[in-house]
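Me: I have a structure to go through and it is new to me. Could you take me through parts of it in plain terms?

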Amino acid sequence: MSESHWIVKQKIEIPFHYTPGPALLRFLEGLRDGKIFASGVRGESRKTVPPLSFCGRSWKPADDWTELPGTGTLESFAVVPHGMAELPQEGERIVFGLVKLDGADTCLAHLFHTKEPGKLKVGAKVRVRWHAERSPGIQAIAGFDLL
Amino acid sequence: MSEKTKNPPAGKKDEGLRVPWLLSVEYQYAAGQFATRFFQELRDNGRIWGVRCPGCQRVYIPPRPVCGICAGKTGEWVEVGDEGVIVGCTVVNVPFIDPMTGEQRPVPYGFAIIRLDGASTALYHFLEETDPKKLGVGKRVKAVFRPERKGTLLDIKHFRLLD
Amino acid sequence: MPHKVGIVATGQTKHTAKRTDINLRELITEAVTRALDDAGLRMSDIDAVMLGNMEPFEGFMLPELWSVEGWGGLGKPAMKFNTGGTVGTSTAIAAYYFAASGIYDTILAVGFEKQSEGHTQTAITTVGDPLWERTMMAGAIGNFAVMASTYVHESGVTEEHAAKIAVKSRRNACNNEYAHLQMPNLTVEEVLASPYLAYPVRRLDFCPQSDGACALVLATEAKAKKLAPQPAWIKAVATAHEQQYMGDSPRRLADMRSQRAASQRVYKACGISDPVRDLDVAEIYEVATYAELAMYENLGFCAPGQSGKLIDHGVTTMSGQLPVNPSGGVLATNCIGATAMIRVAEAALQIMGKAGKRQVPGAKLALATGYGGNAWTDALILGRE
Amino acid sequence: MDREVTLPAPEQVAILGAVQTRYEAGKPHQTYNELVHEVVDQLLAETGVALREIQSIVSASQDFFDGRTISGMAINEVAGGYLNSESKIAGDGIQALLYGAARILAGAYDLTLVVAHCKESEGQFHQITSTMFDPYVERPLGLDEHIAAALQARRFLSVAGAAEADLAAVSRKNHRHAMKNPLARRSGDFSIEHILASAEIVSPLRDLLAGPITDGACAILLGSPERARAPRRPVSWIAGMGSSTDAYWTDRELAASAALAQAAERAFAAAGIRKPLDDLHVVELSARYAHEELLYLDALGFGNGAAAKARLAAGDFDLGGKLPVNPSGGALTGNPTCVAGLARVAEIHLQLTAAAGQRQVKDARTGLAHGTSGICGQSQTVVILRGDAPQRP
């Protein structure tokens with residue numbers, strides 16, 4: 001601490017608990033069961049995942065549900081440098097991917113665990129990799145794999 | 001990771017799935033030129049200083065660059081007393097999570113707004129006394145310093161009632 | 001010259017301790033849908049949206065952007081306010097200025113908070129300056145208790161006076177379908193038997209923590225006249241701040257400088273010299289019973305030290321000369337980002353003659369206030385003309 | 001939108017003065033309150049206005065960065081807020097400017113102080129920016145602002161057919177510009193190779209392709225035409241303002257900005273600008289990340305990815321080029337969250353009042369300032385300023 005300007009270290013720590021609401025609850029519980037649900041407004045083709053319960057564009061409830069196949073297109077990816085995140089396995093890199101799942105009009109962000117991030121390409125086809133043991137939540141999905 | 005709330009409040013139905021998140025940020029607050037000088041004096045000499053507004057002569061604690069009332073810059077530093085008067089006080093009984101630790105702050109504890117002799121504004125600080133019947137607005141108090149001072153407001157352990 | 005601006009619609013959720021059925025975005029939609037339906041508007045009729053919320057209560061930075069589908073914000077100008085207890089009035093006042101300026105004609109204002117998702121007293125403790133106040137602060141409860149102690153000492157109000165305010169609020173709330181704490185049978189004795197949260201403030205002297213949202217639609221004159229048979233015209237707005245630290249205001253609640261300044265400013269603009277006589281109803285931001293009593297003095301409803309008499313004589317009850325908080329007020333509902341906006345919405349309902357069981361008959365002129373941080377005040381006057 | 005949202009006439013709100021702090025990696029000697037004091041004090045001295053004349057203040061700041069709930073309360077006294085009207089926006093400072101302008105247009109005040117402040121160095125960028133993300137499906141994965149920006153950058157490179165070297169060219173231009181800006185946080189004559197060899201943040205983002213952690217503040221004094229006529233120093237005028245909100249970041253094409261296109265269309269309509277490339281003389285964009293500058297140039301109609309790249313390569317956007325973009329160096333060289341957009345307005349004001357020093361664009365009479373907030377630019381605002389002696393269309 002310099003005598004001319006003091007720095008005071010202090011932490012702010014507050015726990016939060018977020019209620020998902022009906023649509024996100026169905027989605028998160030679906031993940032536990034190995035299913036991906038999207039929703040949309042009846043009579044409209046647009047489907048969102050994670051699902052909205054209400055569409056702000058047409059100002060109507062989005063209660064038309066679809067189960068998605070779990071495959072999709074890689075819209076983008078970002079490679080986390082070594083040391084930033086805990087590496088799950090020897091030699092693997094953490095890669096964040098933005099995936100447009102087949103049947104959905106929106107993207108879902110998740111991880112790739114890969115030893116060869118150089119093989120990833122925007123536009124590549126990908127598939128969800130599930131965890132064997134799942135509870136309701138996004139981490140029921142382990143990540144995406146290239147098809 | 002999502003999880004069922006572990007301990008729903010007694011008497012309530014299970015509230016269903018709620019997704020947890022811990023906000024946890026470490027800050028390095030600059031004390032700034034006014035607080036740095038104040039806390040150095042407190043640490044090194046056990047003395048309490050404020051700044052005077054040259055316009056209205058108010059003595060400000062905490063010290064600050066501008067007197068809001070005069071909309072003008074403050075001026076000289078002046079020492080104030082380590083005794084003062086309670087402007088407002090309470091004893092806190094309700095437990096809550098302390099944001100500085102993430103854990104419950106122990107209760108009960110007494111705290112007050114105290115106007116030190118020679119100051120125009122009042123300062124938040126702890127009271128030694130935790131019996132509300134013995135406390136009161138207008139009662140005089142004196143700062144109890146810690147033997148080892150580090151340059152924080154807690155170099156004053158608390159204020160003690162004077163009879 | 002500013003354009004004339006009126007409130008043409010309001011929407012509120014049913015405020016409650018925990019909305020565990022819906023998320024924040026869905027809570028917003030509930031209030032916005034009700035406001036649009038109230039005015040017979042479509043989202044495409046809205047030119048711009050003003051939002052109000054206190055982010056640390058949800059641990060969510062810019063939650064309005066995550067929630068954009070919930071308030072129909074796609075393609076619309078929008079901004080978000082974050083001013084503590086006053087956030088609902090700050091947001092409504094910003095909507096007023098944008099309409100009065102002629103930039104936008106029809107504006108949606110939304111205040112929202114889901115307090116159940118975080119820890120209110122913890123987040124309020126971080127209001128304190130990290131070097132000077134945070135270590136001692138005990139949320140809003142500790143703060144108000146300290147302030148109340150000063151006021152009790154100076155004014156001579158009693159615990160019984162405070163308890164009467166507590167009873168008035170929770171009984172009035174029974175006439176308000178949106179209110180959180182409705183206690184039709186609450187008695188002064190029960191209030192006095194409730195435990196101290198922080199001396200001298202007892203549990204029933206203090207507001208609850210609520211989940212809720214509130215929406216308003218404001219419109220410039222020609223639009224407003226088309227949208228509502230009786231708009232609640234915004235006749236004056238004012239904001240007055242305090243100095244920066246909690247201990248700066250020398251007599252705290254006993255002499256709230258910001259509240260005197262803001263209320264005098266709006267009274268002057270509307271030619272109000274005796275508010276109890278000239279106003280028909282007031283919706284004020286009182287977090288604690290003692291604050292309401294102190295505000296009677298600071299808002300000029302009575303002389304210093306006379307607030308106890310005001311409630312003893314029933315002046316501010318539903319049948320009195322100036323009903324204060326027919327909705328039940330903050331003591332019945334506090335969803336922070338929405339709370340001050342609810343004051344404006346309730347005042348507007350009174351002026352529009354749409355307040356249902358809590359209607360003050362023939363209300364023509366109403367005061368709404370917001371109060372926040374280290375004692376600053378927003379004030380608005382709404383009227384039929 | 002049923003109607004265009006426009007200002008009634010271009011000379012109703014003036015910028016009387018604009019002051020910024022130096023932008024630095026950290027300012028350990030000052031609280032944010034003292035930062036605001038510094039800029040307000042200098043602003044008042046430059047404009048000859050006394051603090052007690054200020055009755056209306058709009059500030060922009062972020063509680064999580066400030067480490068304090070209702071952080072605006074700390075600046076009340078230094079900004080003239082005692083018993084006066086201060087309001088705080090949680091968002092970019094350019095939105096505070098819009099609100100300040102509304103207060104003057106409404107005839108409520110003849111002066112309004114607009115101030116934005118942030119000390120990014122005091123908190124933790126990852127932890128703080130992660131709170132912008134969906135708490136159900138995104139926060140548990142560890143997303144933050146840099147990661148989302150990297151995903152947007154990769155998407156843009158792919159869709160626009162651009163290369164990382166194109167991003168480096170933006171960085172090279174801006175860091176060279178910053179060498180002429182004494183307030184700039186980071187500057188230098190960096191080669192493309194040097195930029196592409198700078199440390200990886202999250203690939204494809206690198207240190208010199210992303211704005212660094214920065215502390216700073218900016219204050220602007222707005223005035224009514226009566227105030228502007230008081231013979232003091234040159235003023236600039238708000239000629240048009242436009243704002244729009246986009247979908248959440250996972251719910252739109254990240255390689256484009258529909259909201260910026262809308263915001264610009266509204267501001268251009270208000271200011272009577274038909275051919276932006278010809279009618280504007282200087283542009284300041286809030287592009288913390290290099291790819292954002294190309295993406296936003298596209299949204300403003302300055303050419304799709306390829307055309308913007310060609311113009312960049314031809315030096316059109318350089319200081320001395322056809323339409324200088326970010327002659328200050330811009331947010332990529334270091335402007336904090338909340339401050340960046342207001343700083344853009346301040347820079348355009350300096351340009352239009354011939355007070356930009358070495359970074360002055362010759363004969364600049366009309367300029368564009370841009371601000372954004374949210375993940376991958378979800379909220380967008382454009383302000384068009386004109387120099388004194390407003391030109392009536």
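Me: How many residues does helix H3 of chain D have, and how far does H3(D) reach from its first C-alpha to its last?
Reply: This is a predicted model, in which local features need pLDDT of at least 70, side-chain atom pairs count only at pLDDT 80 or more, and totals for chains, interfaces and linings use all residues. Residues are numbered from 1 along each chain as its sequence is written, chains are lettered from A and ligands numbered from 1 in the order in which they are written, and side-chain values use heavy atoms, with hydrogens and water left out. Helix H3 of chain D (residues 93-105) has 13 residues and reaches 18 Å from first C-alpha to last, close to the 18 Å expected at 1.5 Å a residue. The expected span is 1.5 Å times one less than the number of residues. Helices (H or I, at least four residues) and strands (E, at least two) are DSSP runs, numbered from the N terminus.

Me: Is H3(D) enclosed or open?
Reply: 13 of the 13 residues of H3(D) are buried, so this helix is largely enclosed by the rest of the structure. Buried means under 20% relative accessible area, exposed over 50%, and partly exposed in between (1.4 Å probe, protein chains only).

Me: What is found at the start of H3(D), and what comes just after H3(D)?
Reply: At the start, a side-chain oxygen of D:Asp92 comes to within 2.9 Å of the backbone nitrogen of D:Ile94. Just after the helix, D:Gly107 has a positive phi of about 75°.

Me: Which residue other than glycine has a positive phi near 50°?
Reply: D:Ile70 does, with phi near 50°. D:Ile70 sits in the loop between helix H2 (63-66) and strand S3 (85-89) of chain D, and is buried at a relative accessible area of 6%. D:Cys338 also has a positive phi, about 75°, although it is not a glycine. The loop between helix H12 (305-313) and helix H13 (340-352) of chain D holds D:Cys338, which counts as buried at 4% relative accessibility.

Me: Changing topic: where is the cis peptide bond that involves C:Pro200?
Reply: That cis bond joins C:Tyr199 and C:Pro200, with omega about 0°. C:Pro200 lies in the loop between strand S5 (196-198) and strand S6 (201-202) of chain C. In chain B, the peptide bond from B:Val107 to B:Pro108 is cis, with omega near 0°.

Me: How many residues are in contact between chain C and chain D?
Reply: 66 residues of chain C are in contact with 61 residues of chain D, where contact means heavy atoms within 4.5 Å. About 5,200 Å² is buried between chain C and chain D, 57% of it on carbon and sulfur atoms. Buried area is the accessible area (1.4 Å probe) that two parts lose on being put together, summed over both.

Me: Which side chains meet in a salt bridge there?
Reply: The count between chain C and chain D is two salt bridges. One of them pairs D:Arg68 with C:Glu133 (3.7 Å, N to O). A salt bridge is a side-chain nitrogen of Lys or Arg within 4 Å of a carboxyl oxygen of Asp or Glu.

Me: And what about chain A and chain D?
Reply: 32 residues of chain A are in contact with 27 residues of chain D, and the area buried between the two chains is about 2,600 Å², with 67% from carbon and sulfur atoms. The count here is three salt bridges, including that of D:Asp251 with A:Arg57, whose closest N and O atoms are 3.1 Å apart.

Notes: A polar contact is a pair of N or O atoms within 3.5 Å; within protein, one must be able to donate a hydrogen and the other to accept it, and residues adjacent in sequence count only if both atoms are side-chain atoms.
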